[in-house]
Amino acid sequence: MPESAATDLRTLLANLVRAALMSDDRASALWREAARQGQAGLAADPGRVEGLNVEGFWTLAVREAEAPEYREAENQVQFGFPALCPFTLSELTARDFDVDGAVERLRKSAATG
């Protein structure tokens with residue numbers, strides 16, 4: 001498995017989390033666009049990430065997205081994200097993956113625990 005596939009998956013998840021955390025619509029839109037671009041790359045070749053454990057990458061992505069340098073801009077979500085990834089690998093690599101829907105799903109899951 002190429003290291004770039006693992007990085008791409010973690011980055012996609014982190015960008016989705018960042019988009020969900022941002023209270024500023026423009027900042028959220030920028031993270032959503034980054035997520036769209038990354039997800040398109042995964043959807044173009046889903047076999048690259050086949051067999052990766054999405055849960056491990058979820059944990060890393062949440063930790064990365066909640067890094068101190070982003071704290072000031074984050075206040076959309078007041079509670080922690082779920083311990084388990086709310087997306088399957090097949091969802092994340094699907095050609096019809098809805099980034100906006102995914103961000104809303106993350107906001108709701110974080111708000112409800």
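Predicted model: local features only at pLDDT ≥ 70, side-chain atom pairs only at ≥ 80, totals over all residues.
Let's start with helix H3. H3 has twelve residues. From its first C-alpha to its last, H3 reaches 16 Å, close to the 16 Å expected at 1.5 Å a residue.

Which residues of H3 are buried? Val 54, Phe 57, Trp 58, Ala 61, Val 62 and Ala 65. Look down the axis of H3. These buried residues fall within an arc of 135 degrees, so they line one face of the helix.

Now step back to the whole chain. The secondary structure comes to five helices and zero strands. Along the sequence, the pattern reads α-α-α-α-α. The protein chain has 113 residues, and buried ones make up 42% of them.

Next, helix H2. H2 has 20 residues. Its span, first C-alpha to last, is 28 Å, close to the 28 Å expected at 1.5 Å a residue. The buried residues in H2 are Ala 27, Ser 28, Arg 32, Ala 35, Gln 39, Leu 42 and Ala 43. They cover an arc of only 135 degrees around the axis, which puts them on the same side of H2. What sits on the face turned away from that buried side? Exposed residues: Arg 26, Leu 30, Gln 37 and Ala 44.

Gln 39 lies in helix H2. Its relative accessible area is 5%, so Gln 39 counts as buried. What does Gln 39 contact, leaving aside neighbours within four places in sequence? Leu 12, Leu 92, Thr 93, Ala 94 and Phe 97.

On to the core. The largest nonpolar core has 32 residues. Those with the most contacts inside it are Leu 9, Leu 13, Leu 16, Phe 81, Phe 87 and Leu 92. Which elements give two or more residues to this core? Helix H1, 3-21; helix H2, 25-44; helix H3, 54-65; helix H4, 89-92; and helix H5, 99-112. The largest share, eleven residues, comes from H1.

Skip residues up to four places away in sequence. Leu 16 then touches Ala 35, Phe 87, Leu 92, Phe 97, Val 99, Ala 102, Val 103 and Leu 106.

How many aromatic pairs does the structure hold? One. A pair of aromatic rings is described by the distance of the centres and the angle of the planes. Here the partners are Phe 87 and Phe 97. The distance is 5.9 Å centre to centre, with 75 degrees between the planes. That makes the pair edge-to-face. Phe 87 lies in the loop between H3 and H4, and Phe 97 in the loop between H4 and H5, so the pair ties together parts that are ten residues apart in sequence. Are these two residues buried or exposed? Both Phe 87 and Phe 97 are buried.

There is also a charge over a ring. The charged end of Arg 18 sits over the ring of Trp 31. The distance to the ring centre is 4.6 Å.

Take Lys 108, in helix H5. Lys 108 has a relative accessible area of 58%, so it counts as exposed. Lys 108 and Phe 81 are 27 residues apart in sequence. In space, they are 9.4 Å apart, C-alpha to C-alpha. Phe 81 is one of the core residues with the most contacts.

Then Ser 109, also placed in helix H5. Is Ser 109 buried or exposed? At 15% relative accessibility, Ser 109 counts as buried. Pro 82 is 27 residues from Ser 109 in sequence. C-alpha to C-alpha, Ser 109 and Pro 82 are 6.7 Å apart.

Finally, Arg 48. Arg 48 lies in the loop between H2 and H3. With a relative accessible area of 23%, Arg 48 is partly exposed. Asp 8 is 40 residues away along the chain. The C-alpha atoms of Arg 48 and Asp 8 are separated by 9.8 Å.

Terms used:
Residues numbered from 1 in each chain as written. Heavy atoms only, no water. Core = buried A, V, L, I, M, F, W, Y, C linked by side-chain atoms within 4.5 Å. Buried < 20%, exposed > 50% of the residue type's maximum accessible area, 1.4 Å probe, protein only. Helix = DSSP H or I, 4+ residues; strand = E, 2+ residues; numbered from the N terminus. Contact = heavy atoms within 4.5 Å. Phe/Tyr/Trp six-rings, centres within 6.5 Å; stacked < 30°, edge-to-face > 60°. Lys NZ or Arg CZ within 6 Å of the ring centre and 35° of its normal. Expected span 1.5 Å × (residues − 1). Arc of directions from axis to C-beta.
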